[in-house]
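Please open the structure in a viewer and keep the selection panel at hand.

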Amino acid sequence: MTSVGRRVPRVDAVEKVTGSAVYGADLALPGMLHGAVLRSPHAHARIVAVDIARAERVPGVRAVATGRDVPFTFGASIRDQPFLAVDRVRFVGEPVVAVAADTELQAQAAVELVDVAYEGLPAVLDARSALAPDAPLVHPDLHAYPRGNHEIVEHSNVDTVARFRHGDLAAGFARADVVFEDEFSAQALSHAALETHVAVAAYHPASRGYTLWTSSDRPFQLRGELAAALGLASSQVRVVVGYVGGSFGGKNTLVAEAVAVALARQAPGRPVRVELSREEDLTASQARMPALVRLQTGVLRDGTLTARRAEFLWDGGAYASNAVGVAVRGPKAVFGPYRIPAVEYESRMVYTNRQPTGSYRGYGTTQAAWACESQMDMIARRLGIDPLEIRRRNGYEDGDAWINGQVMHGLNAREPLERVAAAIGWGTVDRAPAPHLRRGKGLATMIKETATPTSSNVVLKVEQDGRLVVLCAAPEIGAGQATVLSQMAADAVGVPLDAVSLPPADTATSPYNGPVASSRTTFHVGNAIRTAGAEIRRKALALAGDLLEVDPADLDLSEGVVVARGVGPRATLGELLARRGAEGCSLVAEARYSSAGSPLLAADPGLGSVSTIFWMISAQAAEIEVDTETGVIRVVRVAAAADVGRPVNPVGCEQQIEGGVVMGLSNALFEDLVLDGGRIANGTLADYKVATLQDVPEIVPIIVESDHPEAPFGAKGIGEPAAAATAPAIANALCDAVGVRITDLPLTPARVLAAIEAERAREVAAGGSTNRS
Amino acid sequence: MNRLRPFVFHQPTTLDEAVRILAAERGAARPLAGGTDLVVDMKLGRARPPVVVNLKRIRGLDRIEPVDGGTRIGALVRIAAIQASAIVRERYPALWRASCTLATPPIRNLATIGGNLGRGSPAGDMAPPLIVHGALVEVEGPGGRRTVPIQDLHLGPGITCLAPGEVITAVVLPAPPPHGGSAFRKLGKRGGGWDIALVGAAAGLVLGGDGAIADARIALASVAPTPFRARAAEAALRGRPPSEEHFARAAGIAAEEARPISDVRASAAYRRSLARVLVLRTLRDAAGLALDAAVPR
Ligand SMILES: Cc1cc2nc3c(=O)[nH]c(=O)nc-3n(C[C@H](O)[C@H](O)[C@H](O)COP(=O)(O)OP(=O)(O)OC[C@H]3O[C@@H](n4cnc5c(N)ncnc54)[C@H](O)[C@@H]3O)c2cc1C
């Protein structure tokens with residue numbers, strides 16, 4: 001029986017349910033020290049003096065590190081971030097001094113005895129004020145930092161500028177009957193992964209190298225970032241990643257890692273562990289980037305889109321971190337899964353004095369889809385068109401050209417929307433159970449590309465007992481990677497699912513892989529597994545032919561058993577390898593998949609770099625109930641569909657869809673890192689509210705299939721598109737229910753109530769004037 | 001991670017011993033019950049008591065028992081036990097409702113009623129229903145035993161009238177009045193219960209032989225520095241028929257007399273709107289129960 005396509009339980013389920021799975025936070029090494037960090041109480045200040053004398057005298061303290069001890073900077077796109085602040089702090093919570101001690105308690109006690117004198121500097125606390133001509137500069141030396149080749153504005157706070165244009169904008173707007181211009185905002189969010197940022201670092205004086213055991217979604221990229229920062233060859237840094245307790249796009253740079261490395265340098269030979277508390281994780285790790293989005297959209301009276309121009313202003317926080325890519329690529333999603341003849345965006349990211357930001361499930365699509373899909377409904381309402389109908393009218397079809405002219409292939413563009421509309425009973429009205437309650441329904445859809453080109457390498461190895469080991473640097477971040485990769489490996493080779501294992505990712509032994517991000521793992525690693533699996537299979541059958549004295553062409557390998565055609569089972573893979581006896585034998589194959597050079601990427605001249613190897617389209621429909629007296633929104637039901645290609649594990653796909661809805665609902669209604677004078681005012685889970693099971697509505701997960709020519713076992717991706725449509729679907733349902741449009745997230749009860757009251761006041765005023773006339 | 005700072009931990013098995021240790025340490029010692037509040041504060045560094053006195057080894061403080069027609073609830077009774085109590089459910093609906101929405105089931109399994117009051121929080125869920133039920137708080141201290149009416153317990157945010165060494169041993173609820181009904185509702189940040197109150201409201205109504213409101217009590221959480229008794233609203237109801245019109249008027253008065261502040265959880269204006277809506281709804285709930293009780297079967 002094949003494994004791909006079956007509803008299999010997660011391969012890591014037993015380990016995780018019984019508590020034996022080893023996460024980053026579980027790691028304990030001999031001689032390990034524990035770190036603690038003194039963090040900046042100021043949003044922006046000069047460090048005048050640091051006195052560590054008292055801290056050094058605390059019993060158990062083995063090392064104290066200040067910024068001057070670690071004269072390096074890191075950053076995937078701009079090398080702007082010190083390991084520990086050197087002469088300036090740029091956000092409340094920035095690490096300033098770190099202590100390593102025998103116990104965490106000793107380290108924390110010592111940290112409290114460090115004295116730092118600061119001299120306050122004027123702070124930049126939001127994106128708009130960062131653009132002011134006289135705004136203080138968060139990084140006066142921006143122009144001098146080593147960085148990639150993206151555009152910046154020197155001697156300003158603008159650390160990223162990205163533009164994209166396709167088609168004739170002027171003609172598109174000229175042709176429009178109505179031009180809509182609206183502004184939307186999306187708030188700062190915490191990834192709030194169950195496992196906070198945690199790392200163990202060790203410095204090896206003999207090789208001048210480091211080993212980093214950490215909880216990250218990208219071992220190789222992290223290794224590259226750290227090696228570049230320290231001026232080391234990449235192989236001098238080894239990164240090992242076991243189970244990751246959730247990433248959601250948040251575990252991709254040096255957070256706990258930077259502090260652990262800084263301390264490890266001061267305590268050679270002793271591993272140093274640093275684990276962020278929940279409060280540090282909320283306020284001083286990495287947040288979803290707040291965005292202001294201005295959309296200008298030209299429409300014909302029948303709802304046909306003629307042109308769209310988008311302006312993004314991203315509040316990137318104190319360091320560029322991995323947010324640059326979000327500012328550059330994220331805005332593409334603002335054009336939605338719609339045929340628009342002329343499109344343009346201008347995206348600017350600015351430094352501000354708040355915690356650094358970065359990617360968040362969907363890489364900018366949660367912000368972009370919020371604007372796009374809210375405005376689609378605003379357009380539909382103004383023009384008197386059904387929200388489903390306007391989306392149908394503009395929706396992509398397989399074979400359409402995408403925003404860069406690339407021909408869209410391997411997607412099922414229409415079905416997600418149709419399926420969720422049907423599932424929610426679109427067009428029918430459910431009666432609210434009480435007079436102060438109103439019911440409403442809303443739709444939203446979105447499109448997501450994947451980072452292209454990227455590559456994945458795998459090594460497959462058959463052990464002496466016939467078990468199959470998959471070596472690849474694709475950490476299981478909780479989304480089910482280990483299960484789908486095992487399923488594909490099992491089928492590619494012809495062994496049972498429980499004969500497959502994936503050891504922890506280790507840059508010293510695993511071949512290169514891109515990050516577990518951009519919903520790319522199943523497709524890219526799966527492609528490499530498919531190729532390597534075929535080779536293992538050939539080798540296994542050749543070996544079997546040899547030992548059994550049969551022509552390999554007459555043999556088949558299925559469920560780990562070699563079967564001779566017309567004869568029957570002959571031997572298991574393990575038995576064959578055992579027959580090599582004392583001489584020993586293992587079967588190994590390696591393969592690489594890269595999307596570079598695929599003929600599918602052909603695009604209009606000059607726009608090939610925008611191409612994507614696949615698209616994912618998702619849609620959600622929400623039914624909500626609004627309490628018009630309190631402003632409370634209760635989400636009753638959400639139908640959510642995603643085009644995944646072919647599901648490798650349908651249960652896993654459904655779980656991703658359901659988890660995406662919960663996450664989307666949580667950030668639509670509750671979550672918001674509120675900044676108050678530079679400090680996050682709600683930096684504990686008592687006040688930063690994340691949806692709990694009690695808030696979860698009935699969810700109808702719908703898997704939509706399509707045929708992608710390059711997809712391994714037909715599979716594309718699912719992780720990111722699951723989350724972005726929820727917030728606009730709820731906001732659209734709110735408008736359906738009570739006629740108010742809220743363009744800022746989150747949709748808090750206070751905001752909803754204020755909007756309802758304003759609308760009532762407007763109606764009374766309008767009613768009054770009608771009466772007079 | 002945040003680690004707990006070292007502290008001296010006492011585990012007395014008698015009330016006398018507990019009081020003696022607490023009194024000897026003067027203000028430096030803190031009693032510990034469920035720990036759902038104190039331990040969180042200690043981890044975050046908001047509280048750093050050098051001495052902690054565990055009350056949970058003391059026997060007899062965890063019972064719900066009848067006394068003189070009323071009911072005595074020991075300080076160590078867990079919120080989950082209140083929720084599970086048939087006596088509370090039948091006789092004290094406001095308190096029972098509050099126990100159903102206080103935090104989450106895991107917290108309710110640890111959190112105690114004594115800790116909820118000892119915390120002195122204006123947002124606590126137990127005080128408003130206890131005010132409506134007319135509860136007395138039993139306190140034991142170095143000077144012996146005394147009884148405090150529940151509305152006199154709180155002096156300010158996080159401040160109670162307990163002297164160093166004094167601990168709450170129980171709350172005593174009188175017998176519920178005949179033809180009465182009570183209710184509790186709250187709204188948390190996530191729009192429902194199971195969360196610290198943005199506003200909580202408890203109401204109790206007693207109907208007279210003429211069908212009019214003989215007595216009304218309204219108490220609110222999170223709208224003032226202490227649990228807030230809306231006396232003007234109560235007065236506006238006395239002698240009136242239990243009608244929507246009078247409930248709406250009383251709710252408006254309660255919202256006016258409340259003194260909410262703006263903080264990271266909600267603005268004062270929004271709290272005031274909520275106070276009005278929740279008082280109106282609890283009055284309706286309470287009236288429903290009172291009318292049921294008044295109808296001869
Ligand atoms: C996630 C979460 C959600 C919460 N949600 C709510 C909620 O919805 N509603 C709500 O009201 N509260 C809530 N709380 C706060 C808290 O859990 C409750 O107030 C609980 O009832 C406290 O009781 P405890 O036994 O755990 O108190 P402890 O933490 O043991 O003690 C609390 C305080 O009271 C003192 N104390 C304890 N016992 C006594 C006594 N017998 N006499 C005098 N002083 C005493 C302690 O010294 C301490 O100062 C929540 C807490 C958490 C962590």
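Begin with chain B and select its domain 1 and domain 3: their centres, taken over C-alpha atoms, are separated by 36 Å. Chain B as a whole is divided into domain 1 (8–52), domain 2 (64–173) and domain 3 (197–292), the bounds coming from an automatic or database domain assignment.

Before going further, note that this is a predicted model, in which local features need pLDDT of at least 70 and side-chain atom pairs count only at pLDDT 80 or more, while totals for chains, interfaces and linings use all residues. Residues are numbered from 1 along each chain as its sequence is written, chains are lettered from A and ligands numbered from 1 in the order in which they are written, and side-chain values use heavy atoms, with hydrogens and water left out.

**The ligand**

Select the ligand next, together with the residues near it (those with a heavy atom within 4 Å of it). Of the 29 residues around the ligand, B:Pro31, B:Gly34, B:Thr36, B:Leu38 and B:Thr112 come nearest. Domain 1 (8–52) and domain 2 (64–173) of chain B each contribute at least three residues to this shell.

Colour the shell by residue class: 14 of its residues are nonpolar, 9 polar and 6 charged. In this scheme Ala, Val, Leu, Ile, Met, Phe, Trp, Tyr, Cys and Pro count as nonpolar, Asp, Glu, Lys and Arg as charged, and the others, Gly among them, as polar.

Which elements of chain B each supply at least two residues of the shell? They are strand E2 (29–32), helix H7 (113–118) and strand E10 (167–173); helices (H or I, at least four residues) and strands (E, at least two) are DSSP runs, numbered from the N terminus. The largest share, 4 residues, comes from H7(B).

Now display the oxygen atoms of the ligand. One is 2.7 Å from a polar backbone atom of B:Gly35. A polar side-chain atom of B:Asn116 lies 2.9 Å from an oxygen atom of the ligand, and for an N or O atom in the side chain of B:Arg119 the distance to a ligand oxygen is 3.2 Å. Taken alone, the ligand exposes 970 Å², of which the protein buries 89%; accessible areas come from the Shrake-Rupley method with a 1.4 Å probe, and for residues only the protein chains shown count as cover.

Move to chain A and show side chains. A salt bridge is a side-chain nitrogen of Lys or Arg within 4 Å of a carboxyl oxygen of Asp or Glu, and by this rule the count comes to 70 over all chains.

Select A:Glu280 and A:Arg39, whose closest N and O atoms are 2.8 Å apart in a salt bridge. A:Glu280 belongs to helix H8 (residues 278–284) and A:Arg39 to strand E1 (residues 33–39), 241 residues apart. Are these residues buried or exposed? A:Glu280 is buried, with a relative accessible area of 16%, and A:Arg39 is buried at 17%; buried means under 20% relative accessible area, exposed over 50%, and partly exposed in between (1.4 Å probe, protein chains only).

Then select A:Arg62 and A:Asp102, which meet in a salt bridge (2.6 Å, N to O). A:Arg62 lies in strand E3 (residues 61–66) and A:Asp102 in the loop between strand E7 (95–101) and helix H3 (104–111), so the pair ties together parts 40 residues apart in sequence. A:Arg62 is partly exposed, with a relative accessible area of 46%.

How values were computed. A polar contact is a pair of N or O atoms within 3.5 Å; within protein, one must be able to donate a hydrogen and the other to accept it, and residues adjacent in sequence count only if both atoms are side-chain atoms.
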